[in-house]
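Trainee: I would like a close look at a single helix. Please take me through what it packs against and how its ends are set.

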Amino acid sequence: MFTVEQALDAIIAEVADPVAARVPLGESLGLVLAEDIVSDVDSPPFDKALMDGYAVRAADVTSGRAELRFLEEVMAGQVPTRAVEPGWATRIMTGAPLPAGADAVVRVEDTQFRDSEEPAVVAIDGAPVTVGQSIMRQGTSTQRGQRVLNSGTPLRPQEIGTLAESGRDQVAVYPRPRVAILATGDELVPVGDIPQPGQIRNSNESMLAAQIQRAGGEPVPLGIARDERTHLRTRIEAGLACDLLLLSGGVSAGKLDLVPSELQAAGVRQVFHKVRVKPGKPLWFGVSERAEKDANPIHKGCYVFGLPGNPVSSMVCCEIFVRTALRRLLGIEPQRPLAVSARLEHEYRHQGNRPTYHPAQMESSLTGRTVSIVSWQGSSDLRATTAANGMVCFPAGEALYSAGTVMDVYPW
Ligand SMILES: Nc1nc2c(c(=O)[nH]1)N[C@H]1C(S)=C(S)[C@@H](COP(=O)(O)OP(=O)(O)OC[C@H]3O[C@@H](n4cnc5c(N)ncnc54)[C@H](O)[C@@H]3O)O[C@H]1N2
Ligand code: MOO
């Protein structure tokens, strides 16, 4: 049986390097940039006013008081037509290009405009004016030809704004993998149905779709597959067209646990079956290599996870293992699950023959991060996870953890 580390190593080794594709800028949030971006413009593109007021020559207003003659008005989007000579001022709006000759802007609050005279007069009464005041010189934020973003950068709103400044309405990223989700089991009914005796609702499909969406993938729900070989195989084959296929249920030792054998019959090569972890022991992972002729435009293979059907087992395996594969395809570093440290809020005794990922609730305060272990009845107890915002990893064995022990917590 693989350890968690061995299973993660195997997933990282099997999943191919990410493949870049161009997507519209509006669809790139959260994806990783797959090209260096060089600006094709200076920012700002011209010397610009940072305040609504008057463009002046600072030398005219060194004392903070002056009476200057009114030259013209420049709004944002217009260009000045005349240079500011000594003794003159141009009314200017924030974002408008600075006229030649001017080297400072005096804000409108420090001025009075008198149009009873010809030409009109701008009377200034404020602090001494210095060269460069309330203006931004061309190219001081970004220069044309400068590299503004590096390949490998995750795209947040500010990077998307920077791409827009650089005129990129399409951008090369590692696109969202399509993730097929296939729930298996004769006991399952759709979420909108009232379960009859012996039946339960297919809650895993909705939960896994939400996990995939949150992790940057595009879920493709395939509904419920019956525990019948031909039907199951047909649904598996439909799922293999996606980049990842997640099945839930039917992977342990029951009479109708047909998933491993039907996956192999569909040509999916088994990489491992069973991991020393709780919950999630029966996890199955394999790879379906695509024939060249029906190659997916993005990825050469489909990576298949047979998740144990118990809801918390499915959820935890998706968080630990499926998301590692997704991060690899999305070009996200680090690829392995990232734990944070938190001090145990209370004493806790844990016992188990496998490393256990236990639901837990973290709180942050000025004195640091603490974690409490929530009451949990095991891998079918999904409700308990709604009182948790992460999972604490306990090693196998029995130990008493005192309050204040620093634990590894994986946030959800
Ligand atoms: N003899 C053994 N029995 C079991 C073993 C074992 O090693 N030997 N492993 C146990 C462990 S650990 C787990 S976890 C479960 C996982 O089993 P399966 O993946 O085969 O899952 P099922 O038996 O199909 O279902 C388990 C449980 O989950 C419910 N379920 C299934 N699908 C869904 C769904 N889409 N939505 C909500 N709930 C679902 C199902 O009704 C069962 O109650 O096996 C142990 N047994
Ligand atoms: O591994 Mo199972 O997921 O313990 O219940």
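Mentor: Start with the buried face of helix 3. Its buried residues are N204, E205, M207, L208, A209, Q211 and I212. Buried means under 20% relative accessible area, exposed over 50%, and partly exposed in between, with a 1.4 Å probe and protein chains only. An α-helix has 3.6 residues a turn, so residues three or four places apart point the same way.

A word on the basis. This is a predicted model, where local features need pLDDT of at least 70, side-chain atom pairs count only at pLDDT 80 or more, and totals for chains, interfaces and linings use all residues. Residues are numbered from 1 along each chain as its sequence is written, chains are lettered from A and ligands numbered from 1 in the order in which they are written, and side-chain values use heavy atoms, with hydrogens and water left out.

Now the helix itself. Helix 3 covers residues 203-214, 12 residues in all. Helices here are DSSP runs of H or I with at least four residues, strands are E runs of at least two, and both are numbered from the N terminus. From first C-alpha to last, helix 3 reaches 17 Å, close to the expected 16 Å. That expected span is 1.5 Å times one less than the number of residues.

Next, the ends. N202 caps the N-terminal end of helix 3. A side-chain oxygen of N202 lies 3.3 Å from the backbone nitrogen of E205. That is a polar contact: a pair of N or O atoms within 3.5 Å; within protein, one must be able to donate a hydrogen and the other to accept it, and residues adjacent in sequence count only if both atoms are side-chain atoms. E205 is also one of the buried residues of the helix. Just after helix 3, G216 takes a positive phi of about 100 degrees.

Last, the wider setting. The protein is divided into four domains, and domain 1 spans 4-19 + 175-330. Those bounds come from an automatic or database domain assignment. In the loop between strand 14 (188-189) and strand 15 (200-201) you find D193. D193 is partly exposed, at 36% relative accessible area.
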